[in-house]
Amino acid sequence: ASPTLQTQQYSNETEIRRSIAPLLYHISPGSTGSRTLYHAACQAGFPSVHHKSFCISSNRGIDGVSENVVEGVRAHFEVLRWYQIADECCSLW
């Protein structure tokens, strides 16, 4: 088992896995340096996501990448997808 992963049992059928690895969020309206932060994190070897771009390993693809990192990137894109659906559906503009 990974030392950065905790599992909690909430019922007989529901199990939630939670990472205790540190996360850094930089959420902004744009033009605040978030892309620079993303590139710096990638250069330093930290798995990073910026809007529709991501870097999770020095190789292309997900071979050899932690399952937790891959799940995190997939979750990011799922949230982005739901945001776009809501924006198209409910935009006041």
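User: What makes Cys42 and Cys55 a disulfide?

Analyst: Happy to start there, and please keep in mind that this is a predicted model. The sulfur atoms of Cys42 and Cys55 are 1.8 Å apart. A disulfide calls for cysteine sulfur atoms within 2.5 Å, so the pair of Cys42 and Cys55 qualifies. The structure holds one disulfide.

User: Which parts does the pair of Cys42 and Cys55 tie together?

Analyst: Cys42 belongs to helix 1 (residues 34–43) and Cys55 to strand 4, so the link ties parts that are 13 residues apart in sequence.

User: Why is the disulfide of Cys42 and Cys55 called left-handed?

Analyst: That follows from the torsion about its S-S bond: the value is about -95 degrees, so the disulfide is left-handed.

User: Let's move to strand 3. Why is Ser48 called buried?

Analyst: Ser48 lies in strand 3 (residues 48–50). Its relative accessibility is 10%; the limit for buried is 20%, so Ser48 counts as buried.

User: Which residues is Ser48 in contact with, and what does its side chain reach?

Analyst: Leaving aside neighbours within four places in sequence, Ser48 is in contact with Tyr38, Ala41, Cys42, Ser53, Phe54 and Cys55. Both disulfide partners, Cys42 and Cys55, are in that list. The side chain of Ser48 also reaches the backbone oxygen of Phe46 at 2.9 Å.

User: What makes the pairing of His50 and Ser34 a polar contact?

Analyst: The side chains of His50 and Ser34 are joined at 3.0 Å. The cut-off for N or O atoms is 3.5 Å, so the pair of His50 and Ser34 meets the distance requirement. His50 lies in strand 3. Not counting residues up to four places away in sequence, His50 touches Ser34, Arg35 and Tyr38.

User: How do you know whether His50 and His51 are buried or partly exposed?

Analyst: Again, set each value against the limits. His50 is at 14% relative accessibility, so His50 counts as buried. His51 is at 44%, so His51 counts as partly exposed. His51 is found in the loop between strand 3 and strand 4 (53–55). The phi of His51 is near 50 degrees, a positive value in a residue other than glycine.

User: Which residues form the nonpolar patch on the surface?

Analyst: Leu23, Tyr25 and Ile27 form the patch, with about 450 Å² of accessible area together. Residues of a patch need over 30% relative accessible area. Tyr25 has 63%, so Tyr25 passes that limit and is also exposed. Tyr25 sits in the loop between strand 2 (15–19) and helix 1.

User: How many helices and strands are there, and how much of the chain is buried?

Analyst: The protein chain has two helices and four strands, running β-β-α-β-β-α from the N terminus on. Of its 93 residues, 12% count as buried. The accessible surface comes to about 8,000 Å², of which 56% belongs to carbon and sulfur atoms.

Notes. Residues are numbered from 1 along each chain as its sequence is written. This is a predicted model: local features need pLDDT of at least 70, side-chain atom pairs count only at pLDDT 80 or more; totals for chains, interfaces and linings use all residues. Side-chain values use heavy atoms; hydrogens and water are left out. Buried means under 20% relative accessible area, exposed over 50%, partly exposed in between (1.4 Å probe, protein chains only). A polar contact is a pair of N or O atoms within 3.5 Å; within protein, one must be able to donate a hydrogen and the other to accept it, and residues adjacent in sequence count only if both atoms are side-chain atoms. Contact means heavy atoms within 4.5 Å. Patches are made of residues with over 30% relative accessible area and no salt bridge: like charges are joined within 9 Å, nonpolar side chains (Val, Leu, Ile, Met, Phe, Trp, Tyr) within 5 Å. Accessible areas come from the Shrake-Rupley method with a 1.4 Å probe; for residues, only the protein chains shown count as cover. A salt bridge is a side-chain nitrogen of Lys or Arg within 4 Å of a carboxyl oxygen of Asp or Glu.
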